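Try each task before reading its solution.

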Amino acid sequence: MEKWLVVAGIWMLFATCMVLFIRGAMGASRSKPAAAEVNEDEREGKQTESFRA
């Protein structure tokens, strides 16, 4: 009985690692970069108060 628990534990650990590895390898290609929000002042080329030096 103990032998089967060890085998099942090792199998579950292996399966979990494979799932996480595959999800990590596929995640970069699926994710789309978030679009940056641009307000009207930035579209017209004006500099806002917070960015002036």
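**Exercise 1.** Which residues form a nonpolar patch on the surface?

Solution. The model is predicted. The patch consists of Trp 11, Met 12, Phe 14, Met 18, Phe 21, Ile 22 and Met 26. Now check one member, Ile 22. Ile 22 sits in helix H1. Its relative accessibility is 46%.

**Exercise 2.** Classify the aromatic pair of the structure.

Solution. Start with the count: the structure holds one aromatic pair. The ring centres of Trp 11 and Phe 14 are 5.8 Å apart. Pairing requires centres within 6.5 Å. Next, take the planes: they meet at 35 degrees, so the pair is tilted. Now place the two residues. Trp 11 and Phe 14 are three residues apart in helix H1, which spans residues 2-30. About one helical turn therefore separates them. Last, look at exposure. Trp 11 has a relative accessible area of 56% and is exposed. Phe 14 reaches 47% and counts as partly exposed.

**Exercise 3.** Describe the protein chain as a whole.

Solution. First, the elements: the chain has two helices and zero strands. Second, burial: of its 53 residues, 2% count as buried. Third, the surface: the accessible area comes to about 5500 Å². Carbon and sulfur atoms account for 65% of that area.

Definitions and conventions
Residues numbered from 1 in each chain as written. Predicted model: local features only at pLDDT ≥ 70, side-chain atom pairs only at ≥ 80, totals over all residues. Heavy atoms only, no water. Helix = DSSP H or I, 4+ residues; strand = E, 2+ residues; numbered from the N terminus. Buried < 20%, exposed > 50% of the residue type's maximum accessible area, 1.4 Å probe, protein only. Areas by Shrake-Rupley, 256 points an atom, 1.4 Å probe, with all protein chains shown as cover. Phe/Tyr/Trp six-rings, centres within 6.5 Å; stacked < 30°, edge-to-face > 60°. Patch = residues over 30% accessible without salt bridge, like charges linked within 9 Å, V, L, I, M, F, W, Y side chains within 5 Å. Salt bridge = Lys/Arg side-chain N within 4 Å of Asp/Glu carboxyl O.
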